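Here are some exercises to work through with the structure open beside you. Try each task before reading its solution.

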Amino acid sequence: MNNVLEVTGLNKDFGGFKLKDISFTLQEGCITGFIGINGAGKTTTIKTILGLILKNSGCVKLFGQEITGNDEALKNRIGVVLDDGYFYDELTIEEMRRVIAPAFKNWDEAEYRRYISRFGLNPRQKIATLSKGMRMKYAISLALSHHADLLIMDEPTSGLDPLIRNELLDILLEFMQQEGKTVFFSTHITSDLDKIADTLILIDKGDILFSKEKDALLDTHGLVKGDKKDLNEGTRRLFLRLRETEYGFEGITNEKAAVKAQMKALVERPTIEEIMLAYIGGNRR
Amino acid sequence: MKMLLSLIKKDLLLVKRYIPITAVFAVAIPLFVATRIDIADGGFLSFFLTVVYVQFLLISSLSMKEYKYRGGALLCTTPYTRSMTVKAKYLFLLMIFIGTTLIYTATATFSPVEIPLPSISTIGIALLLITIIYGIYIPLEYRLGYDRARYMTSILIFVIPFVLPLILRWMQAGNAKFNFSLSISNGLIYPLIVVIGLLSMKISTSIYCRKDL
């Protein structure tokens, strides 16, 4: 599989917050979830990749080409949905389309009309009057109507009700059915990724903590529950995070085999959120 | 070129609400000046004030909308480049100037009060002054942001009506000098406008390209 996006040694220093040597790759045909709590650096990373925030150092390659200097051509191949849209709110849906559409060489008006009609958007409605969900659907309509190969979304599900979130995930799966498409999707709502992500990248305090295939991540980590008498200095080290109560313990491990060999505890499959919190807890200790 | 035109159209869409009121200003200012101020300047003051007010109203409205919605960030995720958005802003400014000149000319032609038609040199000097004012202001706005630059413009716009008549009277007092400057301007003024405009555009682009959006 080809690398659609390669980020190498990306640094940005805001004084109070830093992106620290961010490196990761996105592979063609995959949905990658970019996870982390609020303020972890997800939006800053995405904006730096897109050139909205200027990097201090590092390299960003899209489709094998450095983005700096080739941005006009490369941006024809990406669709972007930013947190909150960044629309000119007092324009109507149609007016905003008239601003965005001429920028793209491959703009497909029929495709755009299909999305608008599917989402029940009224072209004469002012963007300011759209609900959060409708705004998101409009942003997706604009981002997907030029046959983008890479869709980059910053917190698209944040603030949406479960029904619209589900609808959004269906749209992403539909998009992925076309050959050669890739999605990069930042969120702090990890339950969305349980359903659709192939790969997960965790960022915390501007630092990438892991970048792994979702299934491998879930297979290698375990939610361990057991009696406190199983805990000793050696077994405690097997946990990323450990919570002890009067009666027992519960913890997340990334050394499932060792836990099974050394403890008589119950090992269950953890959720992405449990793994994320375990790593973040470790990172903050 | 198509992309540049779309960006100018975007600017127009953002200020469309203010266009009728500025058109009224473009008609009312020359009529007001013609009835209240008796100054033998070939209609320069009247024309210049009209252009300054219309430019100020539309450009500051546009900057306010850009500041409020931060749509520039979304545009920069598309193939529109930062340098294109800067160019569009300067072209929009020129478009407002042309539009105002046309309205002013129509007003002067059909007005019941005598308003001199703007001559090529009147238009040239006014455009040169506008280019100098906005040639400084636009890069400053990109550098400082809308809010801080707004205070500077407000001060400037209040000062101009008081200072300009004084300057013109002073220039009229030395009549030979004034005529001399106009005859010089006919040959140099338009190349000077292009040079100042392009220089300012280059500075604005370089500032905007280094900004985090």
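Contact here means heavy atoms within 4.5 Å. This is a predicted model, in which local features need pLDDT of at least 70 and side-chain atom pairs count only at pLDDT 80 or more, while totals for chains, interfaces and linings use all residues. Residues are numbered from 1 along each chain as its sequence is written, chains are lettered from A and ligands numbered from 1 in the order in which they are written, and side-chain values use heavy atoms, with hydrogens and water left out.

**Exercise 1. The interface**

Task: Work out how many residues of chain B and of chain A are in contact, and what area the two chains bury between them.

Solution: 

Step 1. Start with the residue count: 28 residues of chain A are in contact with 30 residues of chain B.

Step 2. Now the area. Buried area is the accessible area (1.4 Å probe) that two parts lose on being put together, summed over both. For chain B and chain A that comes to about 2700 Å², with 61% of it on carbon and sulfur atoms.

Step 3. Next, the polar side of things. A polar contact is a pair of N or O atoms within 3.5 Å; within protein, one must be able to donate a hydrogen and the other to accept it, and residues adjacent in sequence count only if both atoms are side-chain atoms. Between chain B and chain A, eleven residue pairs are in polar contact (both at pLDDT 80 or more).

Step 4. Look at which helices take part. Helices (H or I, at least four residues) and strands (E, at least two) are DSSP runs, numbered from the N terminus. On the side of chain B that touches chain A, α1 (2-15), α3 (44-69), α4 (71-75) and α5 (82-110) of chain B each supply at least two residues. The largest share, six residues, comes from α1(B).

Step 5. Sort that side of chain B by class, and you get 13 nonpolar, six polar and eleven charged residues. For this sorting, Ala, Val, Leu, Ile, Met, Phe, Trp, Tyr, Cys and Pro count as nonpolar, Asp, Glu, Lys and Arg as charged, and the others, Gly among them, as polar.

**Exercise 2. A helix at the interface**

Task: Check the span of α1(B), then find how many of its residues are buried.

Solution: 

Step 1. The expected span of a helix is 1.5 Å times one less than its number of residues. With 14 residues, α1(B) should span 20 Å, and its end C-alpha atoms are 20 Å apart, which agrees.

Step 2. Buried means under 20% relative accessible area, exposed over 50%, partly exposed in between (1.4 Å probe, protein chains only). Ten of the 14 residues of α1(B) are buried, so the helix is mostly covered. Among them are Met3(B), Leu4(B), Lys10(B) and Asp11(B).

Step 3. What do they pack against? The buried residues of α1(B) sit against α2 (71-75) and α3 (93-100) of chain A, together with α2 (19-36), α3, α4 and α5 of chain B.

**Exercise 3. Salt bridges**

Solution: 

Step 1. A salt bridge is a side-chain nitrogen of Lys or Arg within 4 Å of a carboxyl oxygen of Asp or Glu.

Step 2. Lys12(A) is buried at 9% relative accessible area, whereas Asp212(B) is partly exposed at 36%.

Step 3. Within chain A, Lys137(A) and Glu167(A) form a salt bridge at 3.3 Å. Lys137(A) lies in helix α5 (residues 132-144) and Glu167(A) in helix α6, so the pair ties together parts 30 residues apart in sequence. Lys137(A) is buried at 10%; Glu167(A) is partly exposed at 29%.

**Exercise 4. A buried lysine**

Task: Where does Lys181(A) lie, and which side chain does its own side chain meet in a polar contact?

Solution: 

Step 1. Lys181(A) is in the loop between α6 (162-176) and β8 (182-187) of chain A.

Step 2. Its relative accessibility is 6%, so Lys181(A) counts as buried.

Step 3. The side chain of Lys181(A) makes a polar contact of 3.4 Å with that of Asp149(A).
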